[in-house]
Amino acid sequence: MARAGIASRRASEALIEAGRVSVNGQLASLGQKADPDADEILIDGVPLPAACERIVIALHKPCGYLSAMHDDRGRACVSELIPLDEHPSLFHVGRLDADTSGLLLFTTDGQLGQRLAHPSHEVMKEYVATVKGTVSEEELARLRRGIKLEDGMTSPAEADLLPGSEPARVRLRIHEGRNRQVRRMMEAIGHPVCALERTAIGDVRLDGLALGTWRRLSDEEVASLIGCGPCEPLQ
Ligand code: URA
């Protein structure tokens, strides 16, 4: 499945473990060999070739949802908010904390997902952090220079204060995706985050997308994310 570009290897294993994949009418198991030309492979009842269509969608994730397709403890997951019945192999690209809202991308294309999530891809991510206290120019300058965190210096960020906002709202653009990075950066300059929203990934913006809803990305948006011409359909 990973080779067919359905999802990353890990995501494919998760689909199998969740009992969502069958081969010739039997539930698939990890490590099982199957031939897409000879065997009938279904994901949630959808044949593998149909599941191969490359889809990329943007979700406006509300707070309170895990960036996961399934949770053993039954907590709410982003998978509940996307059209999985139509596109069962959609998988989230990267993560947002459960208490972060905003733009989360999903794709059916494992290679594209891995590429976007890989740190070397350095796609810009924009956040708006509502923080405690009054943020000074010098504190913004510290964010721009890079902040020393326990896992090393952050790369220089673009940082500015949104005008006229009380409590203060800081717009931060970063190219990294470390665990709870924005919260830790703001904490380090003495302004803990009260609310955090991701507003853009590269040229893809949340803009008018209503909370809890999704939309399909245009070919141009997908192409802008991978930094090349329009994507070819998967083979
Ligand atoms: N940085 C954070 O602190 N949390 C997120 O969810 C994303 C970026």
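Reply: One term to begin with: a salt bridge is a side-chain nitrogen of Lys or Arg within 4 Å of a carboxyl oxygen of Asp or Glu. This is a predicted model, where local features need pLDDT of at least 70, side-chain atom pairs count only at pLDDT 80 or more, and totals for chains, interfaces and linings use all residues. Residues are numbered from 1 along each chain as its sequence is written, and side-chain values use heavy atoms, with hydrogens and water left out.

Me: OK, what does Arg180 form a salt bridge with?
Reply: With Asp99. Their closest N and O atoms are 3.6 Å apart.

Me: And how many salt bridges are there across the interface of domain 2 and domain 3?
Reply: The rule finds four.

Me: Back up. Where are the domains?
Reply: Domain 1 is 9-47, domain 2 is 56-118 + 207-226, and domain 3 is 124-201. Such bounds come from an automatic or database domain assignment.

Me: How many residues of domain 2 are in contact with domain 3?
Reply: 12, and they meet nine residues of domain 3. Contact means heavy atoms within 4.5 Å.

Me: What area do domain 2 and domain 3 bury between them?
Reply: About 870 Å², with 40% of it on carbon and sulfur atoms. Buried area is the accessible area (1.4 Å probe) that two parts lose on being put together, summed over both.
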